[in-house]
Amino acid sequence: MDQLRAYAVLLVIFFHGTQIFGTWIAHGRAFEFGKDWLYSTNPAATVIFEGHTGVTLFMVLSGFIFAVGTIGKDVSYPRFMANRLLRIYPLFMVIVLIALAANPGAFGFLPFLQTVLGLGNLPGALVLGDISSGALWAVAVEMQFYLLFPLLNKLLTRFGMPTFLRLFAAIAVIRALVWFVTAVPNPDSILYYNLVGRIDQFLIGMIAAWLYLRYADHFRGWWKIAVSALVVVAALWSFNQVHGFFNHGWWRLLWIDVEGGMWALVVLTYVATVRATNVVARAVTKVGELSFSLYLLHLVIAGVLVQNRWWIDIPAIGPMASALVTVAALFLPVSIAVAWVTFHGIESPFLRLRVKYLVEPKIPVELRKLDRDLEKAAQSS
């Protein structure tokens, strides 16, 4: 799981890094969202240029990780939410409060309340520059999913996959109806930055967990990982070729599920197959442990590097290749160093305060008495 988290955050870091440093190297100015998006016919390059897909992998992983340990079991809602707050809030609140101290004009009581209550992805929340626009919206979507997960888990546990799939289909149908009735001018407002669109990817992660618990052997095999990875490359290449992020066609309604499904296939094959414990695997795992700090802080670190004009420009290889070198040799190492400090200084102590949130099944008095009688009989024999 931590290795998959590492791949997700690395996709996001290389995605933002090539945009930010590539634009500065090529044009001497900041990246403009609609103007400087990167396109390529090279499939490997398109994986980086569409690296925002790492957020989708994070969300599929969230659904998978929670469900794989709780399907068939009862979850204590207060304890589950307490654990999620211990996981998210310490670093989240430190960043928000420091950002407000640096930008006091951004403070407003209602925007602050909206942001800390998990609605930072909606209009009216705090605007904190790269911190809010680049990262806090995804934290808000995750927090909104946490509120729903215990109920979703109960539905899947009690009524099974058919009921769960009907829920999935109903959400998709209602979302499509709203899409066509309101003629949404910007599909990202409903599909990308909002739980309304992202909920499918969490649900797909839960479905993947259900499949893993029953059919893990069917997904085992290195060649199956290779096939799932090729599916991801092909899908992202196609998305890049049609300028998908800025394409407002109705097919974007389907893309959220295609994207979630392809990453679910990667998760299933990877978890079922990989057992590596070598040095490289352990290093990747460590990066995964730092993924939350890396995600929240990497754009701030990029801002520091850009302000000081710290990047690597190699004219012989061009701006984009220079940007990749900058990310790999400078941006990523600095980000990992900072994340190591924040993980061990802020995240780790609070993680140790988490409690078990699975509820032990209630055993009727008669069964408890029978169990004691059987235990005594076994001892006497």
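The following conversation goes through the packing of this predicted model.

Reader: How many residues does the largest nonpolar core have?

Author: The largest nonpolar core has 115 residues. A nonpolar core is a set of buried Ala, Val, Leu, Ile, Met, Phe, Trp, Tyr and Cys residues joined through side-chain atoms within 4.5 Å. Buried means under 20% relative accessible area, exposed means over 50%, and partly exposed lies in between (1.4 Å probe, protein chains only). The residues with the most contacts inside this core are Phe21, Phe145, Met206, Tyr295 and Leu296.

Reader: And which helix gives the most to this core?

Author: Helix α6, residues 130-182, gives the most, with 16 residues. Helices (H or I, at least four residues) and strands (E, at least two) are DSSP runs, numbered from the N terminus.

Reader: Which residues does the second, separate core include?

Author: That core has five residues, among them Trp179, Leu191, Leu253 and Ile256.

Reader: Changing topic: how many aromatic pairs are there?

Author: The structure holds 29 aromatic pairs. Rings of Phe, Tyr and Trp (its six-membered ring) pair if their centres lie within 6.5 Å; planes under 30 degrees apart count as stacked, over 60 as edge-to-face and the rest as tilted. One of the pairs is Phe58 with Tyr295, whose ring centres are 6.1 Å apart and whose planes are at 70 degrees, so this pair is edge-to-face.

Reader: Where do Phe58 and Tyr295 lie?

Author: Phe58 is in helix α3 (residues 53-70) and Tyr295 in helix α12 (residues 291-307), so the pair ties together parts that are 237 residues apart in sequence. Phe58 counts as buried at 16% relative accessibility, and Tyr295 is buried at 7%.

Reader: What about Phe245 and Phe246?

Author: Their ring centres are 5.7 Å apart with the planes at 65 degrees, so Phe245 and Phe246 are an edge-to-face pair. Phe245 is buried, with a relative accessible area of 4%, whereas Phe246 counts as partly exposed at 31%. Both belong to one aromatic cluster that also includes Phe15, Phe33, Trp37, Trp137, Tyr192 and Tyr193.

Reader: Which ring does the charged end of Arg84 sit over?

Author: The charged end of Arg84 sits over the ring of Tyr146, 4.8 Å from its centre. A charge sits over a ring if NZ of Lys or CZ of Arg is within 6 Å of the ring centre and within 35 degrees of the ring normal. Arg198 lies over the face of Tyr192, at 4.4 Å from the ring centre.

Reader: Let us turn to helix α11. Which residues are buried there?

Author: In α11 (residues 279-289), Ala281, Val284, Val287 and Gly288 are buried. They cover an arc of only 120 degrees around the axis (taken from the directions from the helix axis to the C-beta atoms), which puts them on the same side of α11. On the other side, Val279 and Lys286 are exposed.

Reader: What covers the buried residues?

Author: The cover includes α1 (2-27), α12 and α13 (319-351).

Reader: Is Asn240 buried or exposed?

Author: Asn240, in helix α9 (residues 222-241), counts as buried at 1% relative accessibility. The side chain of Asn240 reaches the backbone nitrogen of Ser40 at 3.1 Å.

Reader: And what is the phi of His243?

Author: His243 has a positive phi of about 55 degrees although it is not a glycine. His243 is in the loop between α9 and α10 (252-273) and is partly exposed, with a relative accessible area of 39%.

Terms used: Residues are numbered from 1 along each chain as its sequence is written. This is a predicted model: local features need pLDDT of at least 70, side-chain atom pairs count only at pLDDT 80 or more; totals for chains, interfaces and linings use all residues. Side-chain values use heavy atoms; hydrogens and water are left out. Contact means heavy atoms within 4.5 Å. A polar contact is a pair of N or O atoms within 3.5 Å; within protein, one must be able to donate a hydrogen and the other to accept it, and residues adjacent in sequence count only if both atoms are side-chain atoms.
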